[in-house]
Amino acid sequence: MLSLTFKNLWARKWRSLMTAVAVIFGIALVAGTYILTDTTNQAFDQIFNESIAGTDVVVTAKSEVDQQDGSTPSFSAGVLKEVRQVEGVDLASGGIFSQGAILDKDGESTGGGFSPQFISSTQPEIFEAVTYPEGRKPTGPREATLDKAAADRAELEVGDTILLAKVGKAVPFKLVGLTELGGSSFGGTSVAQVILPVAQKITGNVNRFDQIAIAADSGVSPEELRDRVQEVVPDTLRVETAQENADRNASEIRDSLQFLTIALLAFAAIALFVGSFVIFNVFSITVAQRTREFGMLRTLGASRRQILVTVLIEGLIIGLVGSIIGLFVGYGLAAGLSAVLKAVGAELPANALQVLPRTIIVSLLIGVGVTVVSSLIPAVRSTRVPPIAALSETLVTGGKSRVVVRTVIAVLLAAIGLILIAMTLISGTDGGTGAAQIGGGAVCVLIAISIFAPKLVAPAASIIGAPLEKIGGLTGRLARENAQRNPSRTAVTAAALMIGLALIAFVTIFASGLSSSVNKVIDDQLPGEITLQGQGGVVPFPAGAVDAARNVEGVEAASGVRYVSVKADGKNASISSVDPADIVQVYTVEWKEGSNADLTGLTDREMVIGDGLADSIGVGIGDPVTLTSQDGREFRFTVKAIMKTDSISLAGEGIITQTSMARDFDQRLDAVGLVKLDPDADLDSTQTAIEDTLKKQDYPTVDVLNQGELKDQQKQTINGLLAMIYVLLALAVVVSLVGIVVTLILSIYERTRELGMLRAIGMSRRQVKRMVRYEAVITAVIGAITGLIVGVVFAFLIGIPLSGDGFELSYPIGTLIVILILTALAGVLAAIYPARKAAKLDVLEAVSYE
Amino acid sequence: MESTLAAPSQSHSSESPIVKATGLERVYGEGQAEVRALDGVDVTFEKGRFTSIMGPSGSGKSTLMHILAGLDKPTAGSVEIDGEEITGLDDGDLTELRRDKLGFVFQFFNLLPVLTAEENILLPLSIAKKKPDQEWVDQVIDRVGLGDRRDHRPSELSGGQQQRVAVARALVTKPAVLFADEPTGNLDSKASEDVLTLLRGAVDDVGQTVIMVTHEPDAAAHGDRLIALRDGKLVHDAPPVSADNVIELLKTLA
Ligand SMILES: Nc1ncnc2c1ncn2[C@@H]1O[C@H](COP(=O)(O)OP(=O)(O)O)[C@@H](O)[C@H]1O
Ligand SMILES: [Mg+2]
């Protein structure tokens, strides 16, 4: 029997290979994701391990509250003196390693997109991990180095001038050398190095360090020294051996990359889910076509089990072949994905691509598992073929009794799915579990829909086929009849497409809702005309920039907004500080309890709190709130007023004064500057004047945007993300199109004699092709329309709870129609090969074919 | 034993030939495996006549019919239909030819299961985007005796009824030639008789030309002319006398 399986597979090798495509894409994404993240993790491991060369113990500050930019607090330089006293310390030295901006001499950023730039201090020789392939270490106050990769990207050479900026005006430096850290790649990240006091000054850390590196006397182990140092430094500091430090840094990176892994694997899961529909369909059709063969095998004495095993082994082999091909494609995909990330400005560090055994094992298991599970139902069906089927002309198919079972299963699945989704939304479970529950619920609902779908095929095909019958006449009619002839086949094919399109519709609607919500926030909350932003909207900028803007002719009011992440009565919250004098002119607060006067009159240790946060920690006007800073200090604030907060609130979940922000939370940088012009000032010329002033006053990292540009920028960010999601969903769509191709080929094979007859009585090749094409279009459009409807309904449902947070869905009808048309065209594309095959059928062979 | 049979005659040459085949050869395979399915066949078919082609299994009957109908190309020789040389035509021209001049009835009924009987009958006209001549259509449907079954799907019809629909479908375009390859091969004798009567009637009443491959003496006896093949050669050409006579003939060929 086994050799029969192989012969069958070989005889249908093209069909089998196309079936394998159903898993190839999904597995490629699984493998590609693992290879990409393993490669990145390995590169970071290398970076951290290289950078601790010569260091035995490291002192850093603990971070009680994670900041959005991932920065850790600095600590007083006084600690160094204590550390040096410790028995067994050979050498100890403080250092700076902080995010900042690296610009060329014209003030243009040298980095790209979302990759961070760092300013670091030089270290005493024994701690210095970098080498200087060109030039030398900076020694003077106006000298700097840059990592070689960044210098190459920005086409900078030793001798050129660069600007460094963080808390103050941009300062020019002469590039005296280029650095390398062993063989490590930094990806898109760049690092500039200056002498310690300069680094401290630029990053706003005068008399402070980000870390202390310690070398032990010989004979003292790092662990021993770590324990000794721990005793003399405050609790707020963390003392680790260098290896522990490197391991922790690496694992933190791993954790933050986990998000990327999960997101990519989710798309792989979608592609595989769609693929399982395709596999199910191909196996169902093949089993139906082989009914007579199975009957014959049964008459020869084959047992049900033997039949089952032959079919399942076919699934297993197809899955195995698909997974192996998928692994190779995944290897290429990993390189492609990192190129895509690089293109969107998030280049990850990478050395050689890492293919771990785990990647191979997981890919093969998933690929084989998905294929075998998907072929299970058709395989079981094959065992029901009675020996008599060998003799009968017509195919024996399943009776009506199973319809009831099916309906029950569908209803149950739909109910379970909806309950799962509803529960997740109501309980507000977020993070991985929430996403998994919603995903699981969606899968249940989608399967339920596809079980119902055969019932929808006949009416749907009639409606969609109507215009085709108008233009195509008979070919349109026959195409429609063919699509309806085998409703479950068409339904499953369309359902595979439905899944991808439902997701596309869903994210399209959400992205458009996000864009319009952002626009609404800008319109409603920002009465000013101009917004200042750090480069690309991500890097905070010096406070002086807003002051400089305020003094420009034609500016009426300007306020910077600073942010910090804190714990409010133990709950994580992002709060802001503003300039009370000007804020109400440039920022519109919607009050729940209180008024603008409360904001302008806000004093130190008073706060305005958002209604959401106030509710969740249970405080009202006059109540105390304890805010915990990143370095773990606690401050009591009194609630002065309560504002309404939307999910996208520019003021975060609370507002405090600039004074408390700087003193208590060490935040002196503005994230945004809000500017309002005199009523009679000209927008364009004032905007240019502000830009010129900022440039002249050495604030090159500040972008000056008017509201239109701000909206565009936000929209672009959203659309960039959307484009990436589209690309990943396209994998699933391509899989479902392959499903259309295979199904058509199988159907054409079944209808060989019929096609031959049509050709014999005068149907031209062109008409045959058109007929096949229309059938594909009908199937594709059924999938597209149901997908779009499902996507819209899901978006609507999930939008309900979010609408309370100021999120407004908007339905981009135009885009959805374009998607529908594109899908119909994709159907035409999918039909090219099957249509050609059908048209090429030799009439003679077809009519004498049995 | 060939000499005992009538030689291929030109006795009908006075009437106008609608199909004319000259020097037809059809060779399958090469070398050892070479099969000469047709080995030099010259034959003409006149308008309005019902010709049966007989011969033992493997004698080249189907091959001859396929080549005459332009479904297959001869290795050598030529075929003219209605004065037009068809051996060199490309697929598009052959499609046109089939639409305009040929009708087919196959052994297996070859109806589209998704269409009703009437729709199946009108199919060639729909394919060619021709307007049906309703009077003729009604007459054809009447003739095949399926008036009350017009809206039935093939699965709701018996084998004989299905084959009558197939004949109607072939007649509806008023083809210059109607080719039938063992049209009764799959039917019981009553249904066979119906189909043959139908074909005979078309010849007699509207002057339809019919060329039919069959291995059933009863079927062959319905024709005006019987030609027989053996080993790819034309070995008999005469009007059939009776079924018994045909059986005798077959015995001599086998
Ligand atoms: N496609 C083909 N390839 C090879 N040989 C063929 C093919 N078709 C027919 N033949 C051979 O040609 C001969 C005539 O076949 P055919 O015309 O089908 O005979 P008939 O219809 O009289 O039974 C037979 O020997 C048959 O085996
Ligand atoms: Mg034959």
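Among the elements of chain B, α1(B) contributes the most to the shell around ligand 1, namely three residues; helices are DSSP runs of H or I with at least four residues, strands are runs of E with at least two, and both are numbered from the N terminus. The model is predicted, and local features need pLDDT of at least 70, side-chain atom pairs count only at pLDDT 80 or more, and totals for chains, interfaces and linings use all residues. Residues are numbered from 1 along each chain as its sequence is written, chains are lettered from A and ligands numbered from 1 in the order in which they are written, and side-chain values use heavy atoms, with hydrogens and water left out.

**The shell around ligand 1**

- Ligand 1 is surrounded by residues of chain B that include Tyr28(B), Val35(B), Ala37(B), Pro56(B), Gly58(B), Lys61(B) and Thr63(B), where a residue is near if one of its heavy atoms lies within 4 Å.
- By class, this shell holds four nonpolar, six polar and one charged residues, with Ala, Val, Leu, Ile, Met, Phe, Trp, Tyr, Cys and Pro counted as nonpolar, Asp, Glu, Lys and Arg as charged, and the others, Gly among them, as polar.

**Polar contacts of ligand 1**

- An oxygen atom of ligand 1 is 2.5 Å from a polar side-chain atom of Thr63(B), and a backbone N or O atom of Gly58(B) is 2.7 Å from an oxygen atom of the ligand.
- On the side chain of Tyr28(B), an N or O atom lies 3.4 Å from a nitrogen atom of ligand 1; a polar contact is a pair of N or O atoms within 3.5 Å, and within protein one must be able to donate a hydrogen and the other to accept it, while residues adjacent in sequence count only if both atoms are side-chain atoms.

**The interface of chain A and chain B**

- In this interface, 22 residues of chain A are in contact with 24 residues of chain B, contact meaning heavy atoms within 4.5 Å.
- The two chains bury about 2,300 Å² between them, 63% of it on carbon and sulfur atoms; buried area is the accessible area (1.4 Å probe) that two parts lose on being put together, summed over both.
- Four salt bridges are counted between chain A and chain B, each a side-chain nitrogen of Lys or Arg within 4 Å of a carboxyl oxygen of Asp or Glu.
- Arg765(A) and Asp91(B) meet through their side chains in a salt bridge, at 3.5 Å from N to O.
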